[in-house]
Structure formats: structure tokens, C-alpha cells
Amino acid sequence: MNRRTLLKSTALAAAASLVFFGAASAQNPVLKIGFVGVTSGPAAAWGISNQRSMETRAAWLNELGGVEIDGQKYDVQIVAFDDQKDPKRAIAGMEKMAQEGIHYVVGPNVDDGAAAVRPVAEQNGIMYFPYAFPKELYTAPASNAILGMVANYQSGPAIYKYLMENNGVKKVAFVAANESDPLSQRDGGVEAAKALGLEVVSDSVTYQVDTTDFTPVLLPVLQSQPDLLVLSGVSPANAPQLIRSARELGYTGLISTETAQDATVLQEGAGELANGFISVGGASTPELASDAMREFVDRYTKMFGEYNDESNTKVYALEYILETIKANPAAMNDVEEFKKTMDTFEAPNPFMVGDAKLTYVGTTSFGQKRQVSVPLVVNEFKDGAFQTLFVAQVD
Amino acid sequence: MEQILANGLYLGAQYALIALGLTLIFSLMNVLNFAHGQMYVLGGFVTYTVVAQFGLPFIVGLVASAVVLAVVGAGVERFLFRPVVARSKREESTMLLAAGIAFFLDAVILLLFGEKQRGVPKIVNGVFNWDFRLVMPYDRILIGVLAIAMIAGFIALMQYTRAGRAMRALAQDRMAAQLMGVDVERYSMLGFALGAMLAGLVGGLLVTITGVNLGMGGPTSIKAFLMIMIGGAGVISGAIAGGFILGMMESIGLTLLAAYGDITYLVIFASLMVFLAFRPQGLMGKPWG
């Protein structure tokens, strides 16, 4: 075989394999759903749990033959973009989604990123599901953003009220990282605490996220002798260190946060000192979880080695997108149709037992339905695991 | 006041140990190792894996961190920095290489250890409490003492061993050292390995206190640069002084300025700018390098 024959036969084989595999993988048309969020750096855990939840659910649906919309089956493809928690990168990510013709995007994970992508999303007909709390994203005239979880100004008052009634809490102190999300969550928490009649004894102490010793940070806070220490917007990386330092300084009161945490991280970082720590959990408990939720956890764990409790909440965004498009197939390429459907949309919630429904909520907080309905689960950490303290519903 | 001083000393000891590795590499090779923080993080994850995953004693984890990072450091010098230094006279080539290594190590750490915060159980339980005037957990006291012992050991190594003398000669004048028969390549590799090993050791020590996560590398490098700028880049005693000064400034600032918000690092950076305007070579550095 001379060189020319070899080249020809190689090219032919390559072309044939492309045609064969292309045909095999193109059984269903593809429905692309985007993710723009943080998957690197200190807050990577937030975005990675989003991306992995979407990828797990998409793989599962594709394995079942795809998602049926208006009689046509589609394979779901997740297009992910790491914004590195940088608003400029988040804009670039949203522009990439627009260039790919994607109309539904999950993320971003933080306030400034979610605010930054708003013009790009609105100009390009993209609905996006941020995990960020600024109300102006969800109140009119804004209409393209849908809050993907329970906001701190919804969970905070519920937690404080519970602790006032059940633990006699009267004095509360707040400490937050010196970043936009934790600071805005602290301000929201202070406002809510004051509205409930709590005495706010400290709310000015902040810390750098890369702090390696929290003793000097917490000393002035604990000198104000609060009954409840609120770690506003605390990241899973900082929570164990703050709890440990507070307990080692002799603080015996309650500690809580309105962000989701990870039981393994708390156990490794603070051990039994974290017992009694109150946090917002993923939107599921053993009592609430359906067989589908248990299977999702199984599949996620098999795909990625370790589950993240936050994914109990983050599994929902993709489900809401797909179910809403199924309810109104015209929404697949027209987000105005999606918005029309949201007001009356209702579908069975596959991840909860009983007759729970997927519906859009948020009228009380935003004046329009721009939030996914997921249960508010408040947990208490005990001996390496979360125990459900109470479950509530937003709106 | 006792509490502020104790916090400052504890922070200073760990900071000084981080800065020592960075300044050693800078003094030997004139390389600003932007990946120093990532090496610290890698050290923390190695100790975590050995102690929390394999259930081995903490000291084994610490030794494993030291060995792994020494090997990584030696490899980075031998296969990455040495060819670049030999072929390029431009300083930005090594700076770009160091930045690239930092990104590479971030990606490797994410793949190997995941994105989550990790930590190992306390190695000593209990808290020293002197009538609430001075509260310090025993594990922090132990880590502080170990860090100071390691600094002393490092100084002794540099002062009294043949390798230490060779590395000091190399730092003072590379050409003269070579003419005097010092094996420049060998001691450059040894110095880089030692610097990386120090970063790994601090990571291993602190994983019991602060835990470790993927995002700690960058901020750790910035703090290390801050320390060697205060003390004087490339000067061992300067790195130690820089570490303790930064630790003390942080402790005092966080206590006295708490009421005004998180302005401690704002004040530290502003003070450093003013300081460098008057003394750009740092406390103990020489104006000529």
C-alpha cells in the first residue's frame, strides 16, 4: 500500500465513522440548557452542585429516551460556563449562551453576577434561574429572572421566629464576610430581626474570606453576649472555622445561618462543636424524599463520587424548565410564552412524596411569580448529620 | 491585650513559615513563585488524605506532605523553571510560568480532591483559658510551637549545614558561588524543593485548624508576597520579620478596628504603600537586590 492509498483509506474510514457515530448519536434532536455559575475558587461548591445536578438529571432523562415535548423526544444537553464568580465573566458566559441559541440558563450563583447578566438575558430572550437574592431581579419591570431557591429574607424571619418561640432568643449578633452577598444577607437579617422585636447587639463585624484565625474576628462579637449568633451568608468553607472559634471562646448560645451547608464539611472541620448549628438545608428530608429523589442521589453519587446536600434544591431548576416547556411547547424558543405559562403552571413534583406540585411562587416577595416553589427545610446539625428542625413553604 | 499578642504571635508563626519558602526560592533563583499558595493547599490536601481518608496518625500526614511537596518542588524546578531560566533572560518568562503552574495546580487539586472544604479532627482537645483574659485552644498553641520549631530548624539548616551554606552563597552571588565550585543546578533544585516543602508543611499543619479548600491558594500567595515585601524579598530574616509583623498587624487591626467594619487589610495595604514609598527594598532587603 503506497502513501496515497493509505491516506485515502484513512480519510474514508474517518468519514465513515463520523457518519456512523453521528447517525447513532443523533436519534433525538438536542435541547440545550445552559449553566453560568461559579465552579472554581472558594465558592466552587455552590456552582459545582448546580452543574452536577443538571448533568445527573440530564443523563438520567436521556437514558430513559429523552424528554417528550409536543410528541417529539429531545436529548437534554447541558452547556456549562464557569464565571469564576466574576460579573464580567458571567456576562461573557451569558453571551456565549445567546450565541448558542440557548433560551434557558441556570445561574449565576451570586448577586453581582446575576445583576450583571440581566441586560444580556433580556436582550437575547433568555430566562435565567439565579441563586442570588436582590429583589430588583425578580420584581417588575424585570421579568426574565426566576429565583431558584428560598431567599434569606424568607428563611431568616422563619428561623428567628422559631428560635424566639422555642428557645427564648432575645439578643442576636450578626457576622458576615466582607463580600456583596453576605453583606446584603446580613442587612436583610438585621432588618428582619428588628422587625420581629429582637435586640441586635452586634452587626458591624466582618471578615475576609481567606481568614485563617477567626478568634480575633469573633472576640468583639461575643463580648456583646448574644443569645443567637447569625453567620450571614457564610460559605461552607468558613462555617466550621467560625463555629469552632466561637465555641472555643466559650460561647454557649445558638448559632445559625440562612445558607445551605454540608454535613461532612462541618463534621471534619468542627466535629462535635458544630452540634446544634442551625442552617437551611437542601429542599428535601428523609420524610419528604420520593423514590425519584433517592434515585437522583444514587445516580449523582455514582457519577461524581460524593453527594452534596445542596443538590436537593439544585435538582429543581432543570425540572421546572423542562416541565414548563412541556406544558407549553411554544416556550421552547420563545420565553414570552414561558412567562405566560408560569402564572398557571402546575405539574407533579417527582422529588417529593404525596401530591406535592411544581408551581411558581414569589408574589408576596416580588409582586409576581418569579420563584420556584421548593420546601424551606431548616436543619440542626447533630453528630455528623443534619436533623430536620422544621419545614415551611414560601408564599 | 494578652489575647491580641497571643493571636498575633500565633498568626505570625504560621505566616513566617509560609513566607520562608517563598523568599528562599526568590533568593536562589530570582523567581516569584506565584504557585506558592497552591503548594500550601496541596500540602493541606495530602495531610487530609493521609489522616482523614487512610486513618493514619497526623505526623505521618505531615511527613507525607513534606515529601510530596519536596518532590513536586524539585520536579517543577528541574523540568520547568531550569529550561526557561536557561533559555530566556526576560524575568516575565518565569513569572508567566509560575502563574501557569498556579492555574495547573488548581486544576489538578480540583480533579484529585474536589471542590469541598476539607479538614481533619483536632489533634489536641481543650482550651487554655486564663480568666478570659487569654483564651487559646491547645491545638493552636501546639501548631504555633511546631511552626516556631520549624523556623528554628530551617535557620539551623541554612546556618550550619553544607547545603545551607551553599544555598546562602548561591543567594548572595550566583556567579561567584559557581566559580567557588558550588553545584548551582543541584542546589537550586534543593532550594526549590525545600521552599515547596515548607509550603506543604504549613498546609499540613493548618489543615487541623482552618481546614483546606481549593480557593485558598491565591489569597495565601498574596499574603506571602506582602510579608516578603515588608521584610525584604530574598532575605530569610526579613521573611520571618514580615510574617510576625503581618500577624501582629492583623490581630491588632481586627480587635481595635472591628467597630469600623472590615478595614484591617485596607489599613495594612495603605500602610505598606506608604512604607514601600520610603523603603522599597523592605526592612532588611538591600536596595541593589
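This is a predicted model: local features need pLDDT of at least 70, side-chain atom pairs count only at pLDDT 80 or more; totals for chains, interfaces and linings use all residues.
Trainee: Into which domains is chain A divided?

Mentor: Domain 1 of chain A takes in 30-149 + 290-374, and domain 2 covers 152-282. Their centres, taken over C-alpha atoms, are 29 Å apart. At the contact, domain 1 of chain A contributes 14 residues and domain 2 of chain A contributes 15 residues.

Trainee: Which elements of domain 1 of chain A each supply at least two residues of the side that touches domain 2 of chain A?

Mentor: These are α4 (111-116) and α12 (311-314) of chain A. The most comes from α12(A), with 3 residues. Sorted by class, this side of domain 1 of chain A holds 5 nonpolar, 5 polar and 4 charged residues.

Trainee: Now the two chains. How is the size of an interface often given?

Mentor: Often as the accessible area lost when the parts come together. Here I use residue counts instead: 36 residues of chain B are in contact with 33 residues of chain A.

Trainee: Which elements of chain B give two or more residues to the side that touches chain A?

Mentor: They are α1 (2-29), α4 (91-113), β2 (134-137) and α10 (236-256) of chain B. The largest share, 5 residues, is from α1(B). By class, the side of chain B that touches chain A has 17 nonpolar, 13 polar and 6 charged residues.

Trainee: What does UniProt annotate as "transmembrane region" in chain B?

Mentor: The unreviewed entry gives that annotation to several spans of chain B, among them 94-113 and 141-160. In the model, residues 94-113 of chain B are 100% helix, with end C-alpha atoms 28 Å apart. Residues 141-160 of chain B are also 100% helix, and their end C-alpha atoms lie 28 Å apart.

Trainee: How should I read a single helix?

Mentor: An α-helix has 3.6 residues a turn, so residues three or four places apart point the same way. Take α9 of chain B, residues 217-231: its 15 residues reach 21 Å from first C-alpha to last, close to the 21 Å expected at 1.5 Å a residue.

Trainee: Why is α9(B) described as largely enclosed by the rest of the structure?

Mentor: Because 12 of the 15 residues of α9(B) are buried. The buried residues include B:K223, B:F225 and B:M227. Among the elements covering the buried residues of α9(B) are α1, α2 (36-53), α4, α10 and α11 (264-278) of chain B.

Note on methods. Residues are numbered from 1 along each chain as its sequence is written. Chains are lettered from A and ligands numbered from 1 in the order in which they are written. Domain bounds come from an automatic or database domain assignment. Two residues are in contact if their C-beta atoms, placed from the backbone, lie within 7 Å. Helices (H or I, at least four residues) and strands (E, at least two) are DSSP runs, numbered from the N terminus. Ala, Val, Leu, Ile, Met, Phe, Trp, Tyr, Cys and Pro count as nonpolar, Asp, Glu, Lys and Arg as charged, and the others, Gly among them, as polar. UniProt positions are given in the numbering used here, feature names are shortened, and annotations may be inferred rather than shown by experiment. The expected span of a helix is 1.5 Å times one less than its number of residues. A residue is buried if 20 or more other C-beta atoms lie within 10 Å of its own, exposed if 12 or fewer, and partly exposed in between; C-beta atoms are placed from the backbone.
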